[in-house]
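Please look through the structure shown here with its aromatic side chains in mind. The report below takes up ring pairs and then charges placed over rings.

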Amino acid sequence: MASIQTMIDWMNQRQGKVTYSMGARMGPSSYDCSSAVYFALRAGKFLSNDKMGTTDTLFSDLEAAGWQQTTEAPRRGDIFIWGVRGASGGSAGHTGIFVGGVMVIHCRADRNDGPGGIFREKYETTWNASGNPPAVIYRNPEDDGNPEAVLDTPEKQNAWTVWKLLTAAGYSPQAIAGVLGNMQVESGVIPDKDQTGGGPAYGLVQWDGSQTALVPPLTSNGRQYVQNLLKAAGINGDYTDATVQTKLLLWTMTNGQWIGAVEPLTVEGFKSCTDVRQATLAFVRNYERAGTEHLQQRYDGADYWYNLLSGLSVDSDAESFESMTNVGHLDFLGIKEGKIYASGWHFSSDKNVEFIEFINAETDAVLARIEAPILQRPDVQEVYPNVLGAINSGFNVSVEVPNGTAVYVKGIRSNGSTADELIFDKIIIFEQAFDVAIDHYAETNTKFYFEILDKGKIVKRGNKILNALTWSNELMYVPSTQILLPIDYAEYFKGREEVKLYINKKVFHGLVTGYELDKVNETIAVDLLHVISEWEYRQVSTNLAAKNRTVNDLYSTLDFRYPGWNMNFFQDSATRVIDYVYSRQDKLEGLTKTCELTDDLFWRVGFHFGRSLEIGTFGDKKPYYLSTKPTSAQNIRIITEPKIIHNFENVVNVATIYGEKSDSGMSSMSLREVYEEKGAQDPAFPVYILRNGINNERGYDYIEFTKLAPNNEIEYSIIDTESVALESATVLEGSFSFNDLAPFNTDGKTITDEDRAKAAKTAYDAAVKRLKESRRSYQIELEIEELPHDVLVGDKIRLLYDNNLLILEECSNYMKKILKMDDWYFITKIDYVIDLSGIEHNIITLEKFLKIDRESGTQ
């Protein structure tokens, strides 16, 4: 049976071992170009053993054997002929065999760069050097070009897996051959291979963690060591698989296994090797460090794999790997428990040790240098799936510094000899506001009782009130309630006392804002406003500028935070950046404004501990569901039929913005900088310059052009594409006004383009949030049995109910699609109702979007 591989093997076996001669062309020590091709064709059984000819006869002999000329891209096994048919004999023509899409093997004449003989070269290079003679390419029509046909054993298939993955990682063919030559000796290129004789090594390269280990602990179990390495590298899959082990090889190359004992000393140098033997030697001494080298066997194996695989075409869609140098992000820089904390990620592919330096921002003096334990960051690996080891990039460190110290952070990634340094662009001033300790008693208590406190001291306790207890909670909302007590309690109320109401693993902690005596019925009705209202007692300093400060940074200081509170930051809320001048605002207004200026950020109070405040984007999925079935550990029973509230009266989905202050015109509120920087825009909220206006009938009419002036002649508008879809492509224009969002600087210098860009981005984010809150409201109101105490407004919960009964006819098709998409809903309001016997039920409002349906400052 004819074989392309056998034909190429005949050439491979003589590569570098024979000379070129037209006079002595019949071998065995010398050939010319055409005799070598004829002998190869005979070995591959494409021609009979008595067939011999010249370059000129090769045209007809190939055609007689069924070969056909092709104009397609060359592939392994194709034969090229240079020269004009009928006049290509002798030195007038040339021929050879393609071993891949770009490489050929041919018998060439002596040249200035070396003696003649059978060699591999790039086809394009040698054709250009020969003056670009006329050329044709012949192909055997029975060959489908599939390189897998060459890979007829498991070992060859494993080697090809290694070849493809290392090629994608930037390794040269010679370097890969050197690796495979070592694998040939170590494991026979069999991944599921224990060390011969029962030793501690395992795998393609016989990883051994018995004496030294890249990842602790030491182990004489090679299989366990490989699995330990894979876990540390964040590589998933079957540890016995060739693909998984090749990924592990790539990771270990830059994470301590390569020692640089012989040239090339570096991994990057090895990847660029152009000599198979040098690569083979470098790998055994820099990586394998074998006790007995069997060097000639490694050389022979490397030559074999180079000749077999170097001509095969690697698929363009094969899995690829990338390296990363000095990339990272500081997720959090804040104050907690008397220390500055820094957490984030920092990574370089060839450096596996991380140091974090805390630096005085005023003097640039290093305050502390900490070797940071490497933390796994699956989120980073998800963003960079082709960067092996990116999962091992996280850090979380802390340091104590003197009060009033301004600090910035530098990440240093090192391999012991070289380092990559990355300065993170956040600064924090250590001026601490302490979190108070949380009393978890309420979470364990189910009985009802109350406490009256005056100046923090308990003056009276009781266990009975005369009315059902009710209150509501929403995002960015101050809950209130009223209790009815016997008139005997009147002596304890003069105003601003605190009352704690404990019931059903919850506590309502309120401030007395008023009371009414009923002498006929001998009762006192006491009005309570949640203790968060005390934030209204203190003002933010007038014209206090927050320039490039994170939310956590703001609320780690007493400039913005009310003392005596515990604050928790969820999701990425702590690292959101604020550029804003706070003016004539109390601290609760300032807190609300902070959230309004950051897209998708809200604050909320809960009922586990009174002075506890949470900031976040929320949306945590709780492990409960609502249905009409009886209440159980996970199910909460729906008591009444759902009530649907569908409101689309005040929808705005295309908005322009402006400032209300007399010195803040369209110029200062322009979205020009956001318009020009597409990366600053949320794709769902693009900024456009509008021409000819927008109306409900015509749809959109945009124009795009670069920076123009004056800005007050241009109208930049933000489009809420989600809301447009909800409104069935109906466009509803509106405008939003904001105070104090003009660009500013805190050091008296001229306002820069960067300042303007930050102000524009702040205005954009605030407008995006307002657009979201201006979407049509589709609410599902349910009366349910007692809600678990750990479910709060802003959380998500599943509603197991017939969707067809929830969808109103007037819903747009897009809204219907959203409602059918899944059964998860945001909880946007909870009404707590507790009767005199302590039985609780709740009325909750569910929505598909998380927003608030009121102006800030209203309750």
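## Ring pairs and a cluster

Rings of Phe, Tyr and Trp, the last taken by its six-membered ring, are counted as a pair if their centres lie within 6.5 Å. In this predicted model, ring pairs join Trp 535, Tyr 555, Phe 560, Trp 565, Tyr 580 and Tyr 582 into a cluster. By the pairing rule, the count comes to 37 aromatic pairs.

## An edge-to-face pair between a helix and a strand

One of these pairs is formed by Trp 10 and Tyr 31, whose rings are edge-to-face, at 5.3 Å centre to centre and with 80 degrees between the planes. Because Trp 10 belongs to helix H1 (residues 4-14) and Tyr 31 to strand S2 (residues 30-31), the pair ties together parts that are 21 residues apart in sequence. Trp 10 and Tyr 31 are both buried.

Phe 283 and Tyr 287 are both buried.

## Charges over rings

Arg 775 lies over the face of Phe 849, at 4.9 Å from the ring centre. Lys 796 has its charged end over the ring of Phe 826, 4.8 Å from the centre of that ring.

Conventions: Residues are numbered from 1 along each chain as its sequence is written. This is a predicted model: local features need pLDDT of at least 70, side-chain atom pairs count only at pLDDT 80 or more; totals for chains, interfaces and linings use all residues. Side-chain values use heavy atoms; hydrogens and water are left out. Rings of Phe, Tyr and Trp (its six-membered ring) pair if their centres lie within 6.5 Å; planes under 30 degrees apart count as stacked, over 60 as edge-to-face and the rest as tilted. Helices (H or I, at least four residues) and strands (E, at least two) are DSSP runs, numbered from the N terminus. Buried means under 20% relative accessible area, exposed over 50%, partly exposed in between (1.4 Å probe, protein chains only). A charge sits over a ring if NZ of Lys or CZ of Arg is within 6 Å of the ring centre and within 35 degrees of the ring normal.
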